[in-house]
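Q: I have a new structure open and want to get my bearings. Can we go through it bit by bit?
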Amino acid sequence: MAMAGRKILEAAPVSDQTNAFWHTVKNIFAQPIHDKVVYKNDTDRLLMFPSGGSIRCKTAYDADTMRGDYADVLILDEYSMMKPSAWDEVGAPMLLDNDGDAVFIFTPKRRNHAHSLYVNAVGDDTGRWQAWHFASYENPYLSKAALAEIVRDMTQDAYKQEILAEFLSNEGAVFRNIGACMNASLFVQPAEHLGHDIVIGCDWGKYFDYSVFSVGCATCHREIDRDRSNILDYHVQRQRLETLNLKWRPKIILAESNAMGEPIIETLVRDGLPVRGFATTSSSKPPLIENFMLVLEREEWQFQADIIWTAELEAYERTVSASTSRSSYSAPPGVHDDTVIARALMLRAASTFFGSDTLPVVDDNEGIEDVRKSSWR
Ligand SMILES: [Zn+2]
């Protein structure tokens, strides 16, 4: 590729990795380097080819250490050990104007941002992404004897992650029993739920994430429709929700009211949609998530299976504050939580407005606002 004029940048978070890469490419091009056909700069770890192409490697692990470089082929080596900002803030924009390619290489590190990227690639049907998975045993350059030696002293978890390249559960994983609750039909017609209590949960897209709607039937305890898009235009987001509203005629739409949520909700209310706002705060969020946890543990609802939506559930984490010992919930850095929040809001709407004894009782309406009142204030 470099010989054909492309500019290749390899970045890895530790110098051992970049050194190994640098030594390998220097060896490959030893002859043309010796003949001065390829120019080599050891300080910058740069090879320049007569075509104008180049290969360079640098140690980088976040946006700040990635900045100031140029590439049309970017290799992020050990991406699971980098900060997500290395790609989100610098890598992706770097490739935008030159239609570049990115290659991510990594050993899993539980379900962090690299897992999220992998899952999105596996679930991609646009042809933009491809994903591969290899265990160490498939590496022809690793000696079987050495591998057997290393494996002997490994814990079961380390073996699964480091050798089999499996994605282990996060330490603070919140949602259990997910697999048992993913059996709802994918193609549902409104006629099947005519006269039922339909609810929708909404998480609005912000910078770098998705707007997500989950439609549920509170009568059947089933998710019946979903929408996830990364179109940031609020006008388009609103239209997509209005389409779902026309199709399903929900009784309640519970939508996040934080930040940009409030003005969208006010517009929707004016348009006659049955929207209520939910203000996510440190006190309203834990019961919202715990309600969802219970629903899954008790298998009270069935949801539509989707690799990306399931991955966000699996990655979701609890952290307990050392000082207050209060739980807080969030996705790991670089992992989206939009589908988790949309579903949690959908369930919250169902249990608050159409709750029965079989559903976990929500003791108060914390977080739920009367938007109609507040918009006329
Ligand atoms: Zn129904």
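Predicted model: local features only at pLDDT ≥ 70, side-chain atom pairs only at ≥ 80, totals over all residues.

Q: Which atoms coordinate the zinc ion?
A: There are two histidines and two cysteines. His193 and His196 each use ND1. Cys217 and Cys220 each use SG. The distances run from 2.0 to 2.2 Å.

Q: What geometry does the site of the zinc ion have?
A: The site is tetrahedral. The angles among the four donor atoms are 101 to 115°.

Q: What would the ideal angle be for four tetrahedral donors?
A: The ideal is 109.5 degrees.

Q: How are the donors spaced along the chain?
A: The spacing of the zinc donors is H-x2-H-x20-C-x2-C.

Q: Where do histidine 193 and cysteine 220 lie, and what does the pair tie together?
A: Histidine 193 lies in the loop between α7 (156-163) and β7 (198-203). Cysteine 220 lies in the loop between β8 (211-217) and β9 (222-229). So the pair ties together parts that are 27 residues apart in sequence.

Q: What is the phi of histidine 221?
A: Histidine 221 has a positive phi of about 60°, although it is not a glycine. Histidine 221 is in the loop between β8 and β9.

Q: Buried or exposed, that histidine 221?
A: Histidine 221 is buried, because its relative accessible area is 16%.

Q: Now aspartate 99. What is its phi?
A: Aspartate 99 has a positive phi too, about 55°, and it is not a glycine. Aspartate 99 sits in the loop between α4 (85-96) and β6 (101-105).

Q: Is aspartate 99 buried or exposed?
A: Aspartate 99 is exposed, with a relative accessible area of 66%.

Q: What follows α9?
A: Glycine 272 follows α9, and its phi is positive, near 90°.

Q: Which residues of helix α9 are buried?
A: Helix α9 covers residues 261-270. Its buried residues are Gly261, Ile264, Ile265, Thr267, Leu268 and Val269.

Q: Let's switch to empty space. How do you even look for it?
A: You roll a probe the size of a water molecule over the atoms, and that shows where empty space is left.

Q: How many cavities of 30 Å³ or more does a search of the whole structure find?
A: The search finds one. The largest cavity has a volume of about 50 Å³.

Q: Which residues line the largest cavity?
A: The lining is Arg111, Asn112, His115, Ser116, Asn120, Ile308, Ala311, Glu312, Ala315 and Val335. By class, that lining has four nonpolar, four polar and two charged residues.

Q: Which helix gives the most to the lining of the largest cavity?
A: That is α11, with four residues. Both α5 (113-122) and α11 (307-315) supply at least two residues each.

Q: What about the second largest pocket, what volume does it have?
A: The volume of the second largest pocket is about 160 Å³. Its lining is Ile8, Ala20, Phe21, Thr24, Val25, Ile28, Phe29, Ile55 and Ile75.

Q: Where does the largest share of the lining of the second largest pocket come from?
A: Helix α1 (residues 15-28) gives the largest share, five residues.

Q: And the classes in the lining of the second largest pocket, how many of each?
A: Eight are nonpolar, one is polar and none is charged.

Q: New topic: glutamate 166. Where is it?
A: Glutamate 166 is in the loop between α7 and β7. At 34% relative accessibility, glutamate 166 counts as partly exposed.

Q: What does glutamate 166 touch?
A: Leaving out residues up to four places away in sequence, glutamate 166 touches Pro108, His133, Lys160 and Gln161.

Q: How far apart are glutamate 166 and serine 325?
A: They are 159 residues apart in sequence. In space, glutamate 166 and serine 325 are 32 Å apart, C-alpha to C-alpha.

Q: Last bit, the whole protein chain. How many helices and strands?
A: The protein chain has 13 helices and 14 strands. Its C-alpha trace spans about 80 × 50 × 45 Å along the principal axes. Of the 377 residues, 47% are buried.

Key. Residues numbered from 1 in each chain as written. Heavy atoms only, no water. 1 Å grid on protein atoms, 1.4 Å probe; cavity = no way out; pocket = protein on both sides within 12 Å on 5 of 7 lines; lining within 4 Å. Points joined across faces, edges and corners; volume = space filled by probe spheres on them. Nonpolar A, V, L, I, M, F, W, Y, C, P; charged D, E, K, R; others polar. Donors = N, O, S within 2.8 Å, 3.2 Å for Na, K, Ca; no water. Tetrahedral: all angles 85-135°; square planar, octahedral: opposite > 155°, others 65-115°. Buried < 20%, exposed > 50% of the residue type's maximum accessible area, 1.4 Å probe, protein only. Contact = heavy atoms within 4.5 Å.
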